[in-house]
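Colleague: Please show me how to read this model, one feature at a time.

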Amino acid sequence: MKDRFNLYRFASPATFYPLAGKMIPWFVALAVVFGLAGLYLGMLVAPTDFQQGEGYRIIFIHVPASWMSMFIYLVMAFWAAIGLAFNTRLSGMMAQALAPTGALMAFLSLWTGALWGKPMWGTWWVWDARLTSELILLFLYIGYMALTAAIDDQRRADKAGGLLLLVGVVNIPIIYFSVKWWNTLHQGSSVNLTKSSMAETMLWGMLLMALCFWMYSIAVALMRARTIMLERERHTDWAKALLAGEGA
Amino acid sequence: MKSRHKKLALIGGALAVIGIIAALVLNALNSNIALYISPTDVAAGKAPQGKVFRIGGLVKEGSLQRQADGVTIAFVVTDTAKDIAVHYKGILPDLFKEGKGVVAQGKMTAEGSFTASEVLAKHDENYMPPEAAKAVDDAQKAATKHVSPSSVSQPKASY
């Protein structure tokens, strides 16, 4: 058992906790750098849009938040699958650490979308497939947090939450392809892996902001994971040693 | 090790089943999920009779008429195959323009026109500076202008 594959070492909270602590400042710094660069490009360099004028600039928050809201859910579902299949302690903690950030991103996506929709489309909200499926995503996040908080036994909470996450994962392709599959008020995607229908500086501003959101999400998720770890593992030797050391 | 793989396969299978169920349900609800129907659908009798629904398409070029009061508006929604005349009283969104996308909610009248209670603008996914938009526009106009039998045979360098 001594020479197990190295990757498993990081699945142990005792190893993960100090490592995450060392990584957090780097992700925070990267988030600040990417954020400043993205905002500079987006707000000052990128040109005015031919039909939406200056109002389109909310895209630099709206699109990164929307991407992040979908991606975080996929990561949580991945951890849920790992947790259910391999019974690892860490996976439930990771999913739980990501949930509030995912919910925040879904909320930001809906909120900035409403602020954008009113002046451009003429309405804050419309029940089209894109907007409705994103709202369902927000409810999935809130539902997951409520469900895991409502069950006292941590292992059972993780299992129930994991099941909810896995069932809800069908919603992600629905959100992404909704504008292709149905008539929606929301326009189609401007950017995918192979093409973009945006001016180059606009696109770069958006990608930098997306990187900023990534780094921010990783940093806060790691912070939250550390707190959850200490709380759940407070009866173990490593946590006791750590807490005793910090108290002194 | 074996039970882990079994569990993983079980999760994969369950996900596939959920995916298929979702696809079937969404397929069955297809017409309810669509936000609007096109003028062609209306012409084919797919519009609900005497009920509020939404139509969507492009505002036909040259069809927009404003009454003197400024809020009574008439225009034509087209999907380039069929047209529908729309009457509306109210404020239009800023992006409402001839040749651009529109989604209108309302009812069909007995005369076959559409009385809207709400008009929304649907814009496309292109973002570019005005100069670029103008260049694209000019290029398109030039392209349509030069498509004639005489110009096709001419070498490009001549103009």
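**Reading the helices and the contact**

Modeller: Let's start with a pair of helices in chain A: A:Leu140, A:Gly143, A:Tyr144, A:Leu147 and A:Thr148 of H4(A) meet A:Ala157, A:Asp158, A:Ala160, A:Gly161, A:Leu164, A:Leu165 and A:Gly168 of H5(A). Two residues are in contact if their C-beta atoms, placed from the backbone, lie within 7 Å. Helices (H or I, at least four residues) and strands (E, at least two) are DSSP runs, numbered from the N terminus. This is a predicted model, in which local features need pLDDT of at least 70 and side-chain atom pairs count only at pLDDT 80 or more, while totals for chains, interfaces and linings use all residues. Residues are numbered from 1 along each chain as its sequence is written, and chains are lettered from A and ligands numbered from 1 in the order in which they are written.

Colleague: At what angle do the axes of H4(A) and H5(A) cross?

Modeller: Axes are lines fitted to C-alpha atoms, for helices over the stretch in contact, and angles run from 0 to 180 degrees between N-to-C directions. Here the axes of H4(A) and H5(A) (residues 154-168) cross at roughly 165° and come within 8 Å. The two helices are therefore roughly antiparallel (under 35 degrees is roughly parallel, over 145 roughly antiparallel, 65 to 115 roughly perpendicular, the rest oblique). Their crossing is right-handed, where right-handed has the near helix turned clockwise from the far one by less than a right angle, and left-handed anticlockwise.

Colleague: How do H1(A) and H7(A) cross?

Modeller: H1(A), residues 13-45, and H7(A), residues 200-232, have axes that come within 7 Å and cross at roughly 155°. This pair is therefore roughly antiparallel too, but H1(A) passes H7(A) in a left-handed crossing. Their contact holds 26 nonpolar, 6 polar and 1 charged residues.

Colleague: Which residues in helix H6 of chain A are buried?

Modeller: A residue is buried if 20 or more other C-beta atoms, placed from the backbone, lie within 10 Å of its own, exposed if 12 or fewer, and partly exposed in between. In H6(A), residues 171-181, these are A:Ile174, A:Ile175 and A:Ser178. They line one face of the helix, because they fall within an arc of 100° seen down its axis (the arc is taken over directions from the helix axis to the C-beta atoms). H2(A) (59-86) and H4(A) (129-150) are among the elements that cover them.

Colleague: How many helices and strands are there in chain B?

Modeller: Chain B has 5 helices and 6 strands, in the order α-α-α-β-β-β-β-β-β-α-α from the N terminus. Chain A has 8 helices and 0 strands. Buried residues make up 40% of the 248 residues in chain A, and 23% of the 159 in chain B.

Colleague: How many residues does the contact take from chain B and from chain A?

Modeller: The contact takes 31 from chain B and 35 from chain A. H1(B) (2-28), E6(B) (114-122) and H4(B) (130-146) each give at least two residues to chain B's side. The largest share, 8 residues, comes from H1(B). That side divides into 21 nonpolar, 4 polar and 6 charged residues.

Key: Ala, Val, Leu, Ile, Met, Phe, Trp, Tyr, Cys and Pro count as nonpolar, Asp, Glu, Lys and Arg as charged, and the others, Gly among them, as polar.
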